[in-house]
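Here is my note on the model. Please read it with the structure open.

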Amino acid sequence: MTRLEEYLRSARNRAFVGRTAEMAAFRSALAGGAVFTVLHLYGAGGTGKTTLLRRYGVEAERANRQVVRLDRFEPGGMISTLLAAVPPTPAGTAGPVLLIDEFEHWQPMEAWLREEFLPGLPVGSVVVLAARNPPGVEWTADPGWNDVLRAHELGDLPPSEAEMLLDRYAIPRQRQPFLTELAGGNPLALRLAVEAIGADKDDDEVRLSVAQAVVKQVIGDLPSAAHRHALEICAYAETTTEKLIRATVADADAVELFRWLCTLPYAESGARGVRVRPFVRTAVRTELQWRDPLRHEAVLTRLAEGSTLVSTERVESLPRPEFDAAVRDALRAWRRPDLLAGNPLVHSRMVAASEASAEPVAALRDVLRSTVDALGEDPRQGKSHRALVSTYLGGAPTQEAAAERLGLPFSTYRRHLNRGLEVLCSLLWRRETTGLELT
């Protein structure tokens with residue numbers, strides 16, 4: 001080993017933090033924890049996949065294992081290159097440790113690798129595939145590969161490990177909160193920020209330097225202008241839906257763009273839509289505002305217009321009898337968010353206009369609660385208000401139990417409850433049709 005190799009390895013070892021679960025999985029495979037092991041590491045650019053592969057290589061060499069590294073895909077000659085790189089294993093020795101980086105580029109050869117090459121490796125072999133995307137169904141749905149494949153998503157470093165990394169670069173503690181907020185725990189963004197600080201850049205220069213590098217190295221080239229516009233919308237919106245894409249990206253296939261957003265390794269999909277990770281969100285905004293301030297303003301304007309359009313599209317007008325029935329159903333489902341989510345009132349005008357919460361179920365509960373409270377402020381409706389609260393909001397298991405709590409005969413209780421429901425529905429209907437909340 002040359003002196004430069006020693007220096008590089010030492011510097012990389014000092015900078016390595018975290019990844020406890022992934023290191024434990026690899027060490028178990030090296031120790032013969034399974035007959036054959038394939039580890040599939042996946043995550044957004046800059047999460048440290050290459051760094052982890054280097055660490056695996058060091059661990060394997062220390063264990064006296066044959067290590068084969070393939071850092072990039074070269075079209076045309078990869079089959080012969082791979083066959084030459086993995087020589088026959090002598091009898092009685094463990095199989096090789098094969099480390100393949102940037103596996104997302106291997107798609108032309110993935111079937112051959114999975115069906116022909118890897119099954120021919122000797123017992124005890126360890127294969128690590130590092131890619132931006134998780135393994136496809138060809139791997140996970142196959143009963144054979146399902147037994148030997150272990151997938152690990154590399155996410156951002158937790159705050160404690162990000163702090164540890166910054167400590168190793170001797171970053172003053174007073175500057176660390178700014179860097180962790182900027183980088184969001186992404187190892188590449190953290191190191192880029194450290195480099196910018198080492199060049200005596202101020203906070204604005206550090207922010208721009210990190211943003212430009214993230215846009216180039218993590219996001220990279222995009223398929224079209226429409227894809228870039230969709231990503232910009234996603235970076236500015238709290239969450240992005242197909243409807244929002246349709247309302248903000250002109251002359252584009254909203255279905256295709258939304259599905260594309262969901263596949264991005266730096267995006268996260270949830271019940272309310274898709275959003276990109278904080279460090280990407282910050283980078284896209286910062287780079288666009290610096291590069292094209294007019295477009296930055298245009299994206300904000302288009303997003304505001306599109307959000308209003310989407311909100312309007314979601315509003316549903318119910319006839320009064322169905323509205324009253326929905327109010328009663330919502331009260332009965334007060335403690336069941338899953339049932340409230342299916343109530344048509346979540347798409348009502350009064351809920352869409354509520355500023356209490358962006359989450360429809362929480363907004364519906366707030367509208368109901370505030371209107372019941374308004375009813376209670378009317379001295380004429382005190383008994384009706386108490387009957388409503390005891391029955392629905394107070395958690396009485398039955399109407400009989402609610403009457404007992406109020407100390408009323410059941411017939412009297414029912415009269416007060418029915419009157420309360422009648423007045424409440426009227427107040428809510430007024431709120432729905434006029435926007436007025438006053439009694």
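The points below go from the whole chain to single residues.

1. Basis. This is a predicted model, in which local features need pLDDT of at least 70, side-chain atom pairs count only at pLDDT 80 or more, and totals for chains, interfaces and linings use all residues. Residues are numbered from 1 along each chain as its sequence is written, and side-chain values use heavy atoms, with hydrogens and water left out.

2. Overall make-up. The protein chain has 23 helices and seven strands. Both are DSSP runs numbered from the N terminus: helices are H or I with at least four residues, strands are E with at least two. Of the 439 residues, 45% are buried. Buried means under 20% relative accessible area, exposed means over 50%, and partly exposed lies in between (1.4 Å probe, protein chains only). Among contacts with a separation of 6 or more, 68% link residues 24 or more positions apart. Contact here means heavy atoms within 4.5 Å.

3. Five strands make an open sheet in the order 2-3-4-1-5, with parallel pairing. Strand 2 (67–70) and strand 5 (149–153) are the edge strands, each pairing on one side only. Neighbouring strands are turned by 15 degrees against each other on average, direction ignored. Two strands pair if DSSP finds at least two bridges between them. Strand 3 (residues 97–100) and strand 4 (residues 126–131) have four bridges, in the parallel sense. Look for Leu 99, which stands opposite Val 128 in strand 4.

4. The hairpin. Strand 6 (residues 267–270) and strand 7 (residues 273–276) run antiparallel and are joined by four bridges. They form a hairpin with two residues between them. Ser 269 stands opposite Val 274 in strand 7.

5. Helix 11 against helix 15. Helix 11 (residues 203–219) packs on helix 15 (residues 278–291) at about 110 degrees, with the axes 8 Å apart. Axes are lines fitted to C-alpha atoms, for helices over the stretch in contact, and angles run from 0 to 180 degrees between N-to-C directions. The two helices are therefore roughly perpendicular. The classes are roughly parallel under 35 degrees, roughly antiparallel over 145, roughly perpendicular from 65 to 115, and oblique for the rest. The crossing of helix 11 and helix 15 is left-handed. The contact includes Leu 208, Ala 211 and Val 215 of helix 11 and Val 280, Ala 283 and Trp 290 of helix 15.

6. Helix 12 against helix 14. Helix 12 (residues 225–236) and helix 14 (residues 254–263) pack at about 60 degrees, with their axes 10 Å apart. That makes helix 12 oblique to helix 14. Their crossing is right-handed. A crossing is left-handed if the near helix is turned anticlockwise from the far one by less than a right angle, and right-handed if clockwise. Helix 12 brings Ala 226, His 227, Ala 230, Leu 231 and Cys 234 to meet Glu 256, Leu 257, Trp 260 and Leu 261 in helix 14.

7. Glu 59. Is Glu 59 buried or exposed? Glu 59 is buried, because its relative accessible area is 13%. Glu 59 lies in helix 3 (residues 49–62). Its side chain makes a polar contact with the side chain of Arg 27, at 3.0 Å. A polar contact is a pair of N or O atoms within 3.5 Å; within protein, one must be able to donate a hydrogen and the other to accept it, and residues adjacent in sequence count only if both atoms are side-chain atoms. Leaving aside neighbours within four places in sequence, Glu 59 is in contact with Met 23, Phe 26, Arg 27 and Leu 30.
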